[in-house]
Amino acid sequence: MKVPRPLSFALTGWLAGVVVTVGMGSYWPMIFPAIVNNEHYYGFGPSLFAIIGIAVLFSSPGGLLGGMIGSRIPREGGLTEQYAMAAIMGVVLALPFACLGLWFFTGW
């Protein structure tokens, strides 16, 4: 089965966004330690795994849209450059939503 090219670009942007979101979510407690001891702020809360999962859900539409937009930028460069730009734009559009999803759980 062959995956349509626009879908593969969107999935490339989504995958790059998910990788960055999970990586950032893993290091988030080092930057904002309140996420580790979230019972201090609002009682029993979700685990770090659930918080990262929620952030991935928030960032997924941005990653998909970024993959579609990024694949349209370097038309003359070839297929490799289109995949690279799809990944870059997926990260650029997914990152603000991932930060917002993680910020909700830092005890603000």
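The structure is a predicted model, in which local features need pLDDT of at least 70 and side-chain atom pairs count only at pLDDT 80 or more, while totals for chains, interfaces and linings use all residues. Residues are numbered from 1 along each chain as its sequence is written, and side-chain values use heavy atoms, with hydrogens and water left out.

**Overall make-up**

- The protein chain has four helices and zero strands, and along the sequence these follow the pattern α-α-α-α; helices (H or I, at least four residues) and strands (E, at least two) are DSSP runs, numbered from the N terminus.
- Of the 108 residues in the protein chain, 36% are buried, where buried means under 20% relative accessible area, exposed means over 50%, and partly exposed lies in between (1.4 Å probe, protein chains only).
- Among contacts between residues at least 6 apart in sequence, 74% join residues at least 24 apart, a contact being heavy atoms within 4.5 Å.
- The accessible surface of the protein chain comes to about 6,600 Å², of which 75% belongs to carbon and sulfur atoms; such areas come from the Shrake-Rupley method with a 1.4 Å probe, and for residues only the protein chains shown count as cover.

**Helix α1**

- Helix α1 covers residues 5–31, and at 1.5 Å a residue its 27 residues should span 39 Å, which agrees with the 38 Å between its end C-alpha atoms; the expected span is 1.5 Å times one less than the number of residues.
- A kink of about 30 degrees lies at Gly25 in α1, shortly before the proline Pro29, the bend being the angle between axes fitted to the seven residues ending at a residue and the seven starting there.
- The buried residues of α1 include Phe9, Gly13, Thr21, Gly25 and Pro29, and what covers the buried residues of this helix includes α3 (48–72) and α4 (79–103).

- Leu7, Leu11, Trp14, Leu15, Val19 and Leu64 make a nonpolar surface patch of about 520 Å², and its largest share, five residues, comes from α1.
- Leu11, which is placed in helix α1, is partly exposed, with a relative accessible area of 40%.
- Ser71, by contrast, lies in helix α3 and is buried, with a relative accessible area of 5%.
- Leaving aside neighbours within four places in sequence, Ser71 is in contact with Phe9, Gln82 and Ala86.

Definitions and conventions:
Patches are made of residues with over 30% relative accessible area and no salt bridge: like charges are joined within 9 Å, nonpolar side chains (Val, Leu, Ile, Met, Phe, Trp, Tyr) within 5 Å. A salt bridge is a side-chain nitrogen of Lys or Arg within 4 Å of a carboxyl oxygen of Asp or Glu.
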